[in-house]
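Student: Hi, I've just been handed a new complex to look at. Could you walk me through it?

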Amino acid sequence: MLNRKYAMLMSAGLLTFAMSGCTPNDSGDSGKTEIKFINGFTGGDGDYMTKIVDDFNSSQDTYQVVQSQEKEHYTKFKSGDYDLVVMHETNLDTYQKDQLIQDVGPFMEAAEISESDFNEAGVQSGSVDDKMFGVPLDIHPLTMFYNKDMVKEAPTDYEQLKQLGESLQAEDSNLYAFGLPSTGLTTFYFTVAAAQNGIDLAKEGYLNFTDSTYADALMQYHAMVFEDKTSPEKLGLDGEFQAFMKSAEDSSKQTAVTFTGPWYYQAVKEKYGDALGIGKMPTLFEQEATTGNAHTIAVAAAVDDQETKDGIAEFLKFMYTPENLANWAESGQTPTHVATLELISEDPEKYALANQNQEQLEIYEPAPRVYQFDEQMRYMNEVVFTKLTGEANLTKEDLMAELEKATKAAKQVADTQQ
Amino acid sequence: MYMTKRTKWIGFLFVIPFLLSFLIFWLTPLLYGIWISLHDFRLSVGNNGFIGLKNYVDILTPDTLYNNVFMNSLKNTLMFIVLSVPPLILISLGLALLIDNLPKRLKTFFRTVFFLSYAISVTAVSALYLWLFGANGGFINNLLLNTGMISSPINWTGDQPYAWFVIVIATVWWTIGFNMLLFVNALDEVDPNLYEAADLDGASSWNKFRYITLPDIRNISIFVMITTVIASFNLYGQSLLITRGGPSQSTSSLIMGIHATVFGNNQLGVGSAMALLMGLIMMVITGLQYWMSYRNNKEETESGKSEKKRFTRATNVGPTNVSSRPATTIEKKERKVT
């Protein structure tokens with residue numbers, strides 16, 4: 001009896017142990033070739049990408065796209081279990097140098113897509129050293145939203161914003177023209193200052209911030225806060241968006257305009273309704289330009305069997321048709337696929353933000369192509385912008401010292417490339 | 001007890017689950033971590049070969065990329081330990097003492113209430129404290145402004161020392177329940193006769209706490225202190241979500257630094273070396289705490305019968321100061337009668 005008890009105990013233990021090693025069977029039961037696709041669309045835009053994937057899967061007898069939407073999708077992609085990945089343009093250079101992605105030219109050719117199907121900004125967004133490593137999906141530039149109750153027409157330059165700030169300040173000391181964040185979207189603010197001053201930050205493979213003209217441009221941000229009072233100081237994380245959503249009546253600092261990411265469109269639309277205006281990035285510095293980031297679709301370097309390659313081409317062919325890619329535009333993103341842009345123009349109400357942001361594609365400056373772009377920007381994002389918007393006594397000399405530190409850190413990051 | 005070969009084997013079978021768990025979840029990851037730290041291991045491209053102690057040298061060489069990350073985040077983490085450990089121990093002990101003196105029904109209720117916050121995720125806690133301490137329109141700022149206590153809003157999460165203040169407050173609120181529960185259980189174990197005897201000898205509340213309660217919960221206090229220091233070393237969620245490591249990387253913790261090195265820079269080898277160094281530092285600090293508490297305990301034991309001595313202290317410094325040794329209740333009664 002005792003033996004039986006021990007035997008049962010052991011069997012149960014072994015079974016539990018053995019089962020702990022099992023994973024759900026994720027191989028295709030349908031006999032279709034699976035394409036494993038990972039992206040980071042965990043917000044509202046995720047549903048629109050899912051619709052494209054689902055539509056493709058229902059149209060297919062041969063291939064099936066298995067989609068994963070993960071917040072840490074880059075980390076998961078590095079595990080090597082995925083064939084397709086949505087990649088930001090700022091990461092293409094790094095992933096190409098680390099040999100994690102491959103040339104998408106042959107896939108585009110098989111899908112009957114060519115570079116001429118995209119506008120110039122799109123082609124640039126997917127290129128590394130003049131070769132396509134990502135099929136351009138969209139560009140999400142720094143976008144201007146404004147409150148029509150406070151400003152009737154979209155401001156186009158800094159002078160107009162300054163005048164707006166002065167009139168708002170005269171009305172209520174908690175009202176400002178726009179807000180500069182302490183941290184958050186500061187990469188876009190750094191790159192737009194460079195683009196609007198015609199400065200190329202990339203030098204010899206790393207980001208060099210020590211250009212005196214660039215320091216002057218950044219000091220203009222400081223002046224916007226502490227001299228012109230067009231922006232409140234110390235707004236904190238994502239302060240540009242938060243201040244646009246606040247109300248001066250609640251003793252909060254409120255702005256009439258915000259320069260932020262287009263992904264906040266649903267939130268600002270919900271708050272302002274018909275009073276919401278959308279415009280292109282005004283000229284804060286010397287010349288018209290906007291920056292931001294772009295999504296592309298990249299293929300894992302490990303993909304080498306013909307069936308998977310054919311499946312990827314088939315999926316790209318399906319996705320890059322105006323009626324399918326328009327789903328993505330509906331999420332607020334702006335595709336760079338010319339035929340889709342034409343479709344969007346026909347229905348500006350349905351694709352309000354994408355349609356408005358089309359204008360910005362002409363003045364869009366891609367981010368510098370350097371190894372580990374985000375890591376090279378880390379010191380600037382975490383230290384420098386906080387000082388620019390928070391330290392009233394900051395001088396250009398102080399700033400230059402910080403820019404030298406940031407450049408040194410960027411060079412050290414660039415040197416980690418093998 | 002006579003052990004046959006068979007019973008020995010059966011006994012061994014019962015140990016197997018522990019041995020397997022120990023091997024799989026402790027020893028193997030540790031050895032693998034050490035092995036990775038000795039290689040140029042990238043998260044992106046994998047292992048590029050054995051490089052000996054180079055990762056450790058890079059971390060410990062001043063003014064290198066990894067040295068800056070490690071030293072800055074180590075300094076911040078130590079600062080957090082200094083700021084957070086005292087309130088995490090003292091406030092939880094205070095709460096436990098309050099609860100210990102409540103009627104039984106209320107005791108259960110408040111013990112549950114104070115422990116509830118421990119069950120909340122760090123994301124929810126951080127969201128709550130971001131809303132409370134928001135620089136622009138946050139609840140606390142609005143309250144202080146509307147009551148005229150401040151004339152301009154405080155940048156709670158973007159200026160020091162406020163940023164540390166918010167992180168410490170959030171941590172105390174979030175985790176205090178765990179320490180409190182340990183103290184409540186320890187207080188339950190204190191012999192009530194000691195209090196009764198001290199009461200009869202007229203010892204004050206403070207003296208009872210100092211010479212009866214504290215020595216009796218000494219072991220659990222050491223345990224709470226060691227585990228609180230270890231938990232504070234692992235600061236991550238609060239500083240990531242409330243301050244994003246700012247202002248100017250001043251609240252960036254060791255785990256944040258390791259995370260950035262591994263997942264941002266792809267340097268799994270360097271990150272593993274950082275994690276092992278962090279583990280070593282934690283071991284040294286924990287060892288020191290243990291050694292100091294052991295030494296104090298030994299000194300006390302050697303210098304006399306500790307139980308008797310502390311009772312004597314409690315009564316000697318009490319207002320009546322009538323006895324030099326623990327008196328039984330009967331003796332006291334007799335003394336009163338005479």
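**A chat about two chains**

Tutor: Let's start with a spot in chain B: P161(B) sits in the loop between α6 (139-146) and α7 (162-188) of chain B. This is a predicted model, so keep that in mind throughout.

Student: OK, what joins Q160(B) and P161(B)?

Tutor: A cis peptide bond, with omega at about 5°. Most peptide bonds are trans. Another cis bond links G246(B) and P247(B), with omega about 0°.

Student: Where is P247(B)?

Tutor: P247(B) is in the loop between α11 (237-243) and α12 (254-264) of chain B.

Student: What's phi like for S248(B) and Q249(B)?

Tutor: For S248(B) phi is near 50°, a positive value in a residue other than glycine. Phi of Q249(B) is near 60°, again positive in a residue that isn't glycine. Most residues other than glycine have a negative phi.

Student: And is S248(B) buried or exposed?

Tutor: S248(B) counts as buried because it has 22 C-beta neighbours inside 10 Å, and the cut-off for buried is 20 or more. Q249(B) is buried as well, with 21 other C-beta atoms within 10 Å.

Student: Let's zoom out. How many helices and strands does chain B have?

Tutor: Chain B has 15 helices and two strands. Of its 338 residues, 32% count as buried. If you take the contacts in chain B with a separation of 6 or more, residues 24 or more positions apart account for 69% of them.

Student: Which helix there is hardly covered?

Tutor: That would be α4(B), where the count of buried residues among its 13 residues is one. The length of this helix, residues 104-116 of chain B, checks out: at 1.5 Å a residue it should span 18 Å, and its end C-alpha atoms are 19 Å apart, which agrees.

Student: Where is confidence lowest and highest in chain B?

Tutor: Lowest in helix α15 (residues 329-337) of chain B, with a mean pLDDT of 41, and highest in helix α2 (residues 54-60) of chain B, at 97. Over residues 317-338 of chain B, pLDDT stays under 50, and the model has 27 contacts beyond four places in sequence for that stretch. The chain B average is 87, with 88% of the residues scoring at least 70.

Student: What about scores for the complex?

Tutor: The predictor gives the complex an ipTM of 0.82 and a pTM of 0.85.

Student: How many residues of chain A are in contact with chain B?

Tutor: 34 residues of chain A, and they are in contact with 27 residues of chain B. On the chain A side, α17(A) gives the largest share, four residues. That side divides into nine nonpolar, 16 polar and nine charged residues.

Student: New topic: what domains does chain A have?

Tutor: The domain assignment gives domain 1 (33-139 + 293-363) and domain 2 (143-289 + 371-414). Their C-alpha centres lie 29 Å apart.

Student: How many residues of the two domains are in contact?

Tutor: 16 residues of domain 1 of chain A are in contact with 14 residues of domain 2 of chain A. On the domain 1 side, the largest share, six residues, comes from α15(A). By class, that side has three nonpolar, nine polar and four charged residues.

Student: Which residues in the largest nonpolar core touch the most other members?

Tutor: V85(A), A298(A), F315(A) and L316(A), out of 143 residues in that core. Helix α8 (residues 186-195) of chain A gives the most to this core, seven residues. Domain 1 and domain 2 of chain A each give this core at least three residues.

Student: What is V85(A) in contact with?

Tutor: Leaving aside neighbours within four places in sequence, V85(A) is in contact with I38(A), F77(A), A298(A) and A300(A).

Student: Why does K408(A) count as partly exposed?

Tutor: Because K408(A) has 16 C-beta neighbours inside 10 Å, and partly exposed falls between 12 or fewer for exposed and 20 or more for buried.

Notes. Residues numbered from 1 in each chain as written. Chains lettered and ligands numbered in written order. Predicted model: local features only at pLDDT ≥ 70, side-chain atom pairs only at ≥ 80, totals over all residues. Contact = placed C-beta atoms within 7 Å. Nonpolar A, V, L, I, M, F, W, Y, C, P; charged D, E, K, R; others polar. Core = buried A, V, L, I, M, F, W, Y, C linked by C-beta atoms within 7 Å. Domains from an automatic or database assignment. Expected span 1.5 Å × (residues − 1). pLDDT = per-residue confidence, 0-100.
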